[in-house]
Amino acid sequence: MDKEIEIMAKTIYGEARGEYKKEGIKALEAVGHVIMNRSLSSSLPVSSECLKPKQFSCWNPGDPNRKVIENATLSDPVYRICYIVAKRIICGEVDDITGGANHYYSRHLKKIPYWAKGKISTVQIGNHIFFKL
């Protein structure tokens with residue numbers, strides 16, 4: 001279970017640490033719930049969902065966040081919070097504030113992702129827009 005927590009925490013850190021500064025812990029929890037919702041629907045481990053190619057950009061080869069998350073340790077206060085959030089989500093201790101979302105994207109993208117076109121979002125938290133597809 002520690003590996004599952006670590007991979008989820010690093011994914012949350014890579015995807016939402018910038019949102020945490022503005023939106024607080026709910027930004028981290030929302031990304032964590034997308035990961036958990038995908039894992040539950042696919043019956044794959046959390047780590048498999050996080051590491052699937054082109055699913056979470058922070059794990060993409062060449063993404064500048066990849067080195068950051070690979071080197072993250074619990075001595076980093078924000079990563080430590082991500083780790084606690086991941087552990088609590090995996091243990092079922094945090095309610096899902098995304099409405100069951102299994103996808104999201106950042107408003108900073110130049111183009112809306114093909115999968116989001118014509119879809120209605122479940123919630124927006126900071127710059128992340130969440131969808132249940």
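The model is a predicted one: local features need pLDDT of at least 70, side-chain atom pairs count only at pLDDT 80 or more, and totals for chains, interfaces and linings use all residues. Residues are numbered from 1 along each chain as its sequence is written, and side-chain values use heavy atoms, with hydrogens and water left out. Helices (H or I, at least four residues) and strands (E, at least two) are DSSP runs, numbered from the N terminus.

**Helix 1 and helix 5**
- Start with helix 1 (residues 2-23) and helix 5 (residues 77-90): their axes come within 8 Å and cross at roughly 125°. Axes here are lines fitted to C-alpha atoms, for helices over the stretch in contact, and angles run from 0 to 180 degrees between N-to-C directions.
- That angle is why the two helices count as oblique to each other; angles under 35 degrees would be roughly parallel, over 145 roughly antiparallel, 65 to 115 roughly perpendicular, and the rest are oblique.
- The crossing of helix 1 and helix 5 is right-handed, as the near helix is turned clockwise from the far one by less than a right angle.
- Ala, Val, Leu, Ile, Met, Phe, Trp, Tyr, Cys and Pro count as nonpolar, Asp, Glu, Lys and Arg as charged, and the others, Gly among them, as polar.

**Helix 2 and helix 5**
- Helix 2 (residues 25-42) also meets helix 5: the axes come within 10 Å and cross at roughly 45°.
- So this pair is oblique too, and helix 2 passes helix 5 in a right-handed crossing.
- Helix 2 brings Ile-25, Leu-28, Glu-29, Gly-32, His-33 and Met-36 to the contact, while the helix 5 side includes Ile-81, Val-85 and Arg-88.
- The contact of helix 2 with helix 5 splits into eight nonpolar, two polar and two charged residues.

- Three strands form an open sheet in the order 1-3-2, with antiparallel pairing; two strands pair if DSSP finds at least two bridges between them.
- At the edges sit strand 1 (103-106) and strand 2 (123-125), each pairing on one side only. From one strand to the next, the twist averages 25°.
- Helix 1 packs on this sheet and touches strand 1, strand 2 and strand 3, its direction making about 115° with that of strand 3.
- Strand 1 is joined to strand 3 by four bridges, and His-103 stands opposite Phe-131 in strand 3.
- Strand 2 and strand 3 (residues 128-131) share three bridges, with Gln-124 partnering Ile-129.
- The hairpin of strand 2 and strand 3 has two residues between the strands, and Gly-126 takes a positive phi near 65° there.
- From strand 3, His-128 and Phe-130 point one way and Ile-129 and Phe-131 the other way, and all are buried (under 20% relative accessible area, with exposed over 50% and partly exposed in between, using a 1.4 Å probe and protein chains only).

**A loop residue**
- Asn-60 lies in the loop between helix 3 (46-51) and helix 4 (64-70).
- Asn-60 counts as partly exposed because its relative accessibility is 22%.
- Not counting residues up to four places away in sequence, Asn-60 touches Lys-54 and Arg-66.

Definitions and conventions. Contact = heavy atoms within 4.5 Å.
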